[in-house]
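Subject: Structure handover

Hello,

Here is the structure for your set. Please look it over alongside the notes that follow.

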Amino acid sequence: MTDIFSFASTTPRLGLPNLFTAQAQKEFTVNEAFALIDALLHAAVEGEADAPPSDPGEGECWLIGSAPSGDWTGQPGRIAFRQSGNWLFAAPVEGMTVYDRSTGLLVRFRDEWVRGASVAVPTGGEVIDFEARASLGELVANLNALGILPAS
């Protein structure tokens, strides 16, 4: 006979709430889990800010800066999303990637939110290898087009 599993109150990676036997008002737990999944699956944020927008739209997501204020106080570095007129918060996990609509770039979490830096295509030097320079130019252009690096 198999052992009975014992579950924590939330999932280990994304902190989604679990249901329990004889739990009252299970719909609240399920709806909270759906709200978190809705915000974090293929996440796209409006940008990064320390203060919540004055008139947020339903479903809007934001990265919270290092000095949060207002409704975001005490939530630095988290993802804030608007659901049913309230702000819900999710802690990022290592390797999480979100699309930043304000910059058109991907932002990745590695102990903090990291953005790609702008890279210039080589232009000078004593010996010029046109094929290598063209290849590097194509590589930088592709990384820009994918939103990994900002356009220079």
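A search of the whole structure finds two aromatic pairs. The term covers rings of Phe, Tyr and Trp (its six-membered ring) with centres within 6.5 Å; planes under 30 degrees apart count as stacked, over 60 as edge-to-face and the rest as tilted. This is a predicted model: local features need pLDDT of at least 70, side-chain atom pairs count only at pLDDT 80 or more, and totals for chains, interfaces and linings use all residues. Residues are numbered from 1 along each chain as its sequence is written, and side-chain values use heavy atoms, with hydrogens and water left out.

Trp72 and Trp87 make an edge-to-face pair, at 5.2 Å centre to centre and 85° between the planes. This pair links distant parts of the chain: Trp72 sits in the loop between E3 and E4, Trp87 in strand E5, 15 residues apart. Helices (H or I, at least four residues) and strands (E, at least two) are DSSP runs, numbered from the N terminus. Trp72 is buried, at 0% relative accessible area. Trp87 is buried too, at 10%. Buried means under 20% relative accessible area, exposed over 50%, partly exposed in between (1.4 Å probe, protein chains only).

Phe109 and Trp113 have ring centres 5.2 Å apart and planes at 70°, so this pair is edge-to-face. Both residues are buried.

Phe109 belongs to strand E7 (residues 105-109). The covered face of E7 holds Leu105, Val107 and Phe109; the uncovered one holds Leu106 and Arg108. In a regular strand the side chains alternate between the two faces of the sheet.

E7 pairs antiparallel with strand E6 (residues 97-100) over four bridges. Two strands pair if DSSP finds at least two bridges between them. Asp100 stands opposite Leu105. E6 and E7 form a hairpin with four residues between them, and Gly104 in the turn has a positive phi of about 75°.

E7 also pairs antiparallel with strand E8 (residues 113-115), over three bridges. Val107 stands opposite Arg115 there. That hairpin has three residues between the strands, and Asp111 takes a positive phi near 70°.

Now the other sheet region. Four strands form an open sheet in the order E2-E3-E4-E5, with mixed pairing. Its edge strands are E2 (48-49) and E5 (86-90), each pairing on one side only. Five bridges join E4 (residues 79-83) to E5, and the two run antiparallel. Gln83 stands opposite Asn86.

Regards
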